[in-house]
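Have the structure open as you read.

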Amino acid sequence: MAKRKILVVDDEIDFLEMIRLRLEANNYSVITAMDGNEAIEKFKTENPAAVLLDILMPGMDGLDVLKKIRQTNSKIPVFIITAFSNEERFKLANKFNASGFIVKTNDLQREIQNITTAIGISEDFKGR
Amino acid sequence: MKNRSTNKKVKSHTAANLFITLLFVVFITDVVTNVITDAFRLSILPESIVDGFLVILLAYPSLYMLIFRPLSREIAQRKATEKELRRLAAIVESSDDAIIGKTLDGRIVTWNRGAEKIYGYTADEIKGKPISFLAPSERFNEIPKLIDKVRHGESIEHYETIRRRKNGEMIDVSLTISPIRDASGNITGASTISRDITEHKISEELLRRAKEQAELLFRISPSAIFTLDSKMRITEWNDRATEITGYSKEEAIGKVCTMFEAFLCSKECAVHKITDIKPVFGEECPIRTKDGRTLTILKNTGRLKDKNSNTIGIIESFSDITERTRIEKLKDEFISTVSHELRTPLSITKEGISLVLDKIPGPVNEQQAKILTVSKNNVDRLARIINSLLDISRIESGKIEVRKEAFEVISVIRQVLAAFELKTKEKSLTLRADLPKEGIIIHGDMDAITQVLTNLIGNSYKFTGKGFIEVKAKDKGDAVEISVADTGIGIAKENIPKLFNKFQQFGRVTGPGEKGTGLGLAIAKGIVTAHKGRIWAESESGKGTKITFTLPKI
């Protein structure tokens, strides 16, 4: 079975590198984007199984990207990457049907397990 | 009542008079009849005289009316006058004022009970003594002057001076002195009414001091102060108000505050009926100064009331907090930005260490793993400090959001306890709970309360080497009381008051394990206070600590 693709969007290249290593260790293949436009582009061409999306980015920010993704695909798991666990923006993200959150300072291995679960649910859903 | 008894007496007088008159008539009639009869017998009287006798008999009632009636009336009047005099004497005697009669050479001749009360001397002790006996030596001079005025027929009213009581105490008195005249109008003495005005003088002095204090406070206050009358017109305006708003006293006084353009925050002024106004405390609002700047002020107001508690005006005090507000906002933004900026590199470092520790890039030897674990723990600690800093900054700026949602607090306690179960077991500590069987629903922020419990139990865990940690909850009717007690190192008595301050760490733990931030209890207090609850500590060095907090149910 081919590795599932995950699109990770963050303007912080070091963070992208770390999360790429972590995801690959969890048997995912990783595509990265460093801004909103690149993210939309790669979302269309690469057909990822899930998207991890930084909310604070220069230019088109995470919320705009989420909005665009939801216009074409309402089911794909999209996780919001944030430094905080209790922000106003969270509520907004929820409004656009984000699947969950990845808090940067939390244990990433545990966060990725949540992502795996979400992908599983979404694929089960697709299968039916 | 008095009138009726007087009437009765008058009637009995009349009866007596009638009786005497009757006796008199019988006597006179007898004498006259005998004389006439004898004269008739002697035939010296003509028959017409006998007719005269009848005339006399008939004339008698007129005689009675002319002589006896006025006589009896005069007696009755004299008696009434005597009674009136006795009544006046009784009034004088019972007066609280001292009423003193004295001769023109200043000797005391009459002395009422009021005088006895005020000066302390009995009438027997003082009668015949000179009036100067009552004056302190420095007031001797005024007495001849006063008597001299009276001698010339003048009255003296409300003359305030000082007199000495029998016990030596000085008292403030107000004197009214009038001449006493005899029937022919000659001045024979003087009457003095003296009133003890010591109390009055004291309250006058207190009033003066209060007024002086109020005026001084109005002048030197670092806050602007102004007052409004019942029609919302500015009546007083201090210098600080001028400094802040730019409007002078002359410009401000008399203006209706709704018209006064300096006040954008016209919460008070928007209300037309002054009686509807509720005093405000610590309200922040913007105002516009005379030169068009907008300032943020912090204001308090209070009602001015008359003696019947009717609102007759408003007093308002405000200070300019524009600069403070700006700095606070800057600080909040700074903390928020800094902590965000700090978190990203922190999370990258942490994840890097984790990746190596999880052997993803390749094998790690034991020593390397040990070093990396310590590094990771300290990165976690940094993250905790940043989180706490952000929390405390939110709490301090009053921005802590207390979501009021109904939740069951006992199960929340159980959850937090479950999270500590393994850790305490590893340390061989007993984790005890004394919780009510029934759940307790409260309204509050579940996450925040979970944090309070985690902070408190976490502290106990950190500072307790052996023994137990006990969490208790009690239903207190309209509130729930929760306590976390331990058998740990305790806190020295002198440190208890500082316990809830920021960055206070007593009994720092050395060796491995989670290090504290010194913010846990400050945050707990902030959260409990935001829920309108109370938090306090009981502790004894070496014996343990008990932190208790209450949360209102609604």
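## Rings and a helix

In this predicted model, B:F226, B:W237 and B:F318 are linked into a cluster by ring pairs. Rings of Phe, Tyr and Trp (its six-membered ring) pair if their centres lie within 6.5 Å; planes under 30 degrees apart are stacked, over 60 edge-to-face, and the rest tilted.

| Pair | Centre distance | Plane angle | Type |
|---|---|---|---|
| B:W111 and B:Y119 | 5.7 Å | 40 degrees | tilted |
| B:F226 and B:F318 | 6.2 Å | 70 degrees | edge-to-face |

B:F226 lies in strand β6 (residues 224–229) of chain B and B:F318 in strand β10 (residues 311–320) of chain B, so their pair ties together parts 92 residues apart in sequence. Strands here are DSSP runs (E, at least two residues), and helices are runs of H or I (at least four), numbered from the N terminus. Both B:F226 and B:F318 are buried, where buried means under 20% relative accessible area, exposed over 50% and partly exposed in between (1.4 Å probe, protein chains only). B:W111 is buried at 6%, and B:Y119 at 1%.

Now for chain A. Helix α3 (residues 62–72) has A:G62, A:L63, A:V65, A:L66, A:I69 and A:R70 buried. Why are they on the same side of α3(A)? Because they cover an arc of only 155 degrees around the axis, taken from the directions from the helix axis to the C-beta atoms. The face turned away from the buried side carries exposed A:Q71 and A:T72.

Residues are numbered from 1 along each chain as its sequence is written, and chains are lettered from A. Local features need pLDDT of at least 70, side-chain atom pairs count only at pLDDT 80 or more, and side-chain values use heavy atoms, without hydrogens and water.
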